[in-house]
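Hi everyone, thanks for making time this morning. I'd like to walk you through one model, so please have a look at it with me.

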Amino acid sequence: MIKIIFSLLFIVNILHANESLHSIYEHIILKNSKEAVVVAEKLKSALEKEDTPLAKKEFSELVKAVKSVEAFYILGDLNDEYIDLPRYLDTFHQGTEDIKSQLDMIIKEKEDLSLALYKNSHKTINALEYLLFTKELKNPRVKAMALMMIDTIHKNLTEIYEGYKEEEKHFVSNEQNANAMMLNALIESAYKLKEWCVGDPAGLSHKFRGKPDNRRAEFHISKNAMVAVQAILKTHLKVLDKQDFKNFGSMIRSYQVTDELQNAIAALKSALAESQKIKNDDFSQAAPLYESLKKLHTAYFISLIGKLKVTSKILDSDGD
């Protein structure tokens, strides 16, 4: 009788975990990646019409969508064929090449664009930002370049969405592995947010301490730095805070790890509130935000890892 009861409890726990994992996949992973594809299509439409104000508005929506996908990216863990896709979308903090001067040269030259835009970095969201916010869409070559960029971005986002659809069974089949993937994704995202997105432009990171420079911010040309920061924070809250669907936070509560979870959620809400106080992407005001992000990273990296007993990845602090 005891064995039967234990067996039934084990089955109930498995079913509960599977239900939660399916919910996370449907309401966060698939939803965010599909929405990013749709947003890219809207931006392409605006570019085709040469409607610059609308294109700039839709670009801001694309920033939100791409950052939401990146902030909880586990597809590379599910299938290593997809590890590099985020790099094809976004070159922030990757390498030292000067994409701006390269794009300026391509605009001036007459080489066929299918040959001129040969690098992955030429067709990222960062390249599109530079083109859209510093050049004129009425220039036929600029417009053609912008359309090639958004087509590539759309293709990569579609590949992510389709990849997630293929890998759902893999994700829900192992609760422990899924937990490790999710927590590692949150930790990596929180670190990059703290050090790269906020710490570097604010002059608060180890690398640039005491040397603030707003030009180090992601999407500083289009003034979408805080848009990106808030999209990341809202994605983390969607993953952990109470929602009208079961999420990773629901699972963590079921493990009785409530204090550590609440500390992480409190840090996220504090960071979001602080980010909303920063005007015009001026990172001289970002010290309180940075402090909240430090608490968030600690809550993830020390408290939740310890309680959930998962192994963390080692992230290269220079991002190189």
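The average pLDDT for the protein is 91, and 91% of the residues reach at least 70. As a reminder, where pLDDT is low, the predicted coordinates should not be read in detail.

Now the core. The largest nonpolar core has 106 residues. Which of them touch the most other members? They are Leu47, Leu62, Tyr164, Phe171, Leu240, Phe248 and Tyr300. Among the elements, α9 makes the biggest contribution to this core, at 14 residues.

Let's zoom in on Tyr300. Setting aside neighbours within four places in sequence, Tyr300 contacts Leu183, Leu186, Ile187 and Ala190, among others. Its partners also include His236, Leu240, Ala264, Leu268 and Ile305. Leu240 is itself on that list of core residues touching the most other members.

On to the second largest pocket, which holds about 850 Å³ of space. Its lining is made of 27 residues, and those nearest the centre are Phe92, His93, Gly95, Arg215 and Arg216. What is the make-up of the lining, in nonpolar, polar and charged residues? There are nine nonpolar, seven polar and 11 charged. At least two lining residues come from each of α5 (99-108), α7 (125-134) and α9 (175-202). Of the elements, α7 gives the most, with four residues.

Last, two loop residues with backbone angles to look at. Gln256 has a positive phi of about 65° without being a glycine. You'll find Gln256 in the loop between α11 (248-254) and α12 (258-275). Is Gln256 buried or exposed? Gln256 is exposed, at a relative accessible area of 64%.

Asn280, also not a glycine, has a positive phi near 55°. Asn280 sits in the loop between α12 and α13 (287-308). With a relative accessible area of 62%, Asn280 is exposed.

That's my tour, and I'm glad to take questions.

Conventions. Residues numbered from 1 in each chain as written. Predicted model: local features only at pLDDT ≥ 70, side-chain atom pairs only at ≥ 80, totals over all residues. Heavy atoms only, no water. 1 Å grid on protein atoms, 1.4 Å probe; cavity = no way out; pocket = protein on both sides within 12 Å on 5 of 7 lines; lining within 4 Å. Points joined across faces, edges and corners; volume = space filled by probe spheres on them. Nonpolar A, V, L, I, M, F, W, Y, C, P; charged D, E, K, R; others polar. Core = buried A, V, L, I, M, F, W, Y, C linked by side-chain atoms within 4.5 Å. Buried < 20%, exposed > 50% of the residue type's maximum accessible area, 1.4 Å probe, protein only. Contact = heavy atoms within 4.5 Å. pLDDT = per-residue confidence, 0-100.
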